[in-house]
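Subject: Structure handover

Hello,

I am passing this structure on to you. Please open it first, then read my notes below.

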Amino acid sequence: MTVEQRYRYVYKPTVFAAGLVPAALLLCGALGWFGQDLGADPVARLLHSCGKTGLNFLLLTLLITPARRVTGWNNLVRLRRMLGLFAFFYLLAHFTVYLVLDRQLDYHSVLQDIVKRPYITIGLAGLLLLVPLAITSTNRMMRRLGRRWQKLHSLIYLIVILGVWHYWWQVKKDIRQPLLYAAMVAVLLGYRVLIRVIQRSRARRNASAVTSKSAPATAQERT
Ligand code: HEM
């Protein structure tokens with residue numbers, strides 16, 4: 001099997017099936033199948049599980065680049081779009097649970113929440129920013145947008161920061177979990193900053209090496 005076939009027929013279907021497991025567990029819980037249930041507060045359970053799973057997928061999406069560099073498995077990038085779309089799927093479900101089950105489509109109270117509870121405003125900003133990324137995730141859009149695609153998709157960094165901020169802000173006492181997420185985001189984004197700094201300083205060093213090599217030639221030319 002070629003690498004392409006392995007990704008197409010084995011890895012991608014496996015990741016796809018794994019991505020559906022949290023949704024399947026929640027569905028079984030909601031329907032009472034296989035002895036599953038959603039506990040005393042089913043709406044809160046759905047809301048929290050979808051929010052957490054969405055955030056986990058955002059982090060997995062961001063993990064692809066460092067994982068490629070560290071392992072040399074460049075083809076991991078083939079899984080990135082699916083992970084990003086799963087993040088969008090679970091966060092959209094998170095929002096739908098909030099809107100339909102928690103607020104029961106009471107748009108007035110949703111608007112009040114957006115204005116009065118900053119963590120809701122931040123979460124909504126994160127979700128809205130994810131929409132153009134999901135829409136432009138196709139190969140066709142990638143080709144059409146060219147260099148602008150990369151710029152647009154850099155929004156993922158802002159989105160994940162908003163996501164963790166949203167999580168942190170709503171936690172009342174025990175901040176250990178959001179702190180752990182903030183640390184993971186700091187590592188994932190810090191890694192990128194570090195790589196960029198190294199690349200820039202290397203480029204500067206190369207440029208100065210080129211000019212110092214050409215300088216004597218110019219001096220020779222003058223003599
Ligand atoms: C990037 C977008 C978002 C991310 C990553 C995200 C993530 C999360 C996470 C991780 C939690 C906590 C789960 C837990 O405690 O186990 C949460 C809770 C919650 N989120 Fe979001 N969320 C996002 C967008 C939104 C949006 C758009 C809304 C609604 C407009 C929303 C409303 C809520 C609510 C109401 C809770 C529960 C708060 C509580 O229990 O007091 N989130 N979210």
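Of the 223 residues of the protein, 17% count as buried. Buried means that 20 or more other C-beta atoms lie within 10 Å of the residue's own; exposed means 12 or fewer, and partly exposed is in between, with C-beta atoms placed from the backbone.

Two notes on reading the rest. This is a predicted model: local features need pLDDT of at least 70, side-chain atom pairs count only at pLDDT 80 or more, and totals for chains, interfaces and linings use all residues. Residues are numbered from 1 along each chain as its sequence is written.

Overall layout

The protein has nine helices and zero strands. Along the sequence the pattern reads α-α-α-α-α-α-α-α-α. Helices (H or I, at least four residues) and strands (E, at least two) are DSSP runs, numbered from the N terminus.

The radius of gyration is 23 Å, whereas a compact globule of 223 residues would have one near 17 Å. That radius is taken over C-alpha atoms, and the globule rule is 2.2 Å times the number of residues to the power 0.38. Along the principal axes, the C-alpha atoms fill a box of roughly 90 × 50 × 35 Å.

Now the contacts. Two residues are in contact if their C-beta atoms, placed from the backbone, lie within 7 Å. Among contacts with a separation of 6 or more, 61% join residues 24 or more positions apart.

The core

The largest nonpolar core has 26 residues. Phe 57, Leu 58, Ala 87, Tyr 90 and Val 160 have the most contacts inside it. At least two core residues come from each of helix H2 (42–71), helix H3 (80–102), helix H5 (118–135), helix H8 (155–170) and helix H9 (176–222). H3 gives the largest share, nine residues. A nonpolar core here is a set of buried Ala, Val, Leu, Ile, Met, Phe, Trp, Tyr and Cys residues joined through C-beta atoms within 7 Å.

What does Val 160 touch, not counting residues up to four places away in sequence? The partners are Leu 58, Leu 59, Leu 62 and Val 185.

The buried residues of H3 include Leu 83, Phe 86, Ala 87, Tyr 90, His 94 and Tyr 98. Helix H1 (3–31), H2 and H5 are among what covers the buried residues of H3. The length of H3 agrees with expectation: its 23 residues should span 33 Å at 1.5 Å a residue, and its end C-alpha atoms are 31 Å apart. The expected span is 1.5 Å times one less than the number of residues.

The buried residues of H8 are Ile 159, Val 160, Leu 162, Gly 163, Val 164, His 166 and Tyr 167.

The ligand

How many residues surround the ligand? There are 21, and the closest are His 48, Gly 51, Gly 123, Gly 126 and Gly 163. The shell divides into 11 nonpolar, nine polar and one charged. Ala, Val, Leu, Ile, Met, Phe, Trp, Tyr, Cys and Pro count as nonpolar, Asp, Glu, Lys and Arg as charged, and the others, Gly among them, as polar.

Most residues other than glycine have a negative phi. Gln 104 has a positive phi, near 45 degrees. Leu 105 has a positive phi as well, about 60 degrees. Gln 104 is in the loop between H3 and helix H4 (107–116), and Leu 105 is found in the loop between H3 and H4. Gln 104 counts as exposed because it has 10 C-beta neighbours inside 10 Å. Leu 105 is exposed, with 9 other C-beta atoms within 10 Å.

Pro 66 lies in helix H2, and Tyr 191 lies in helix H9. They are 125 residues apart along the chain, yet their C-alpha atoms are separated by 7.5 Å. For Pro 66 and Arg 192, 126 residues apart along the chain, the C-alpha separation is 8.0 Å. Leaving out residues up to four places away in sequence, Pro 66 touches Leu 188 and Tyr 191. Pro 66 is partly exposed, with 14 C-beta neighbours inside 10 Å. Tyr 191 is partly exposed, with 16 other C-beta atoms within 10 Å.

Best wishes

How values were computed: Near = placed C-beta within 6 Å.
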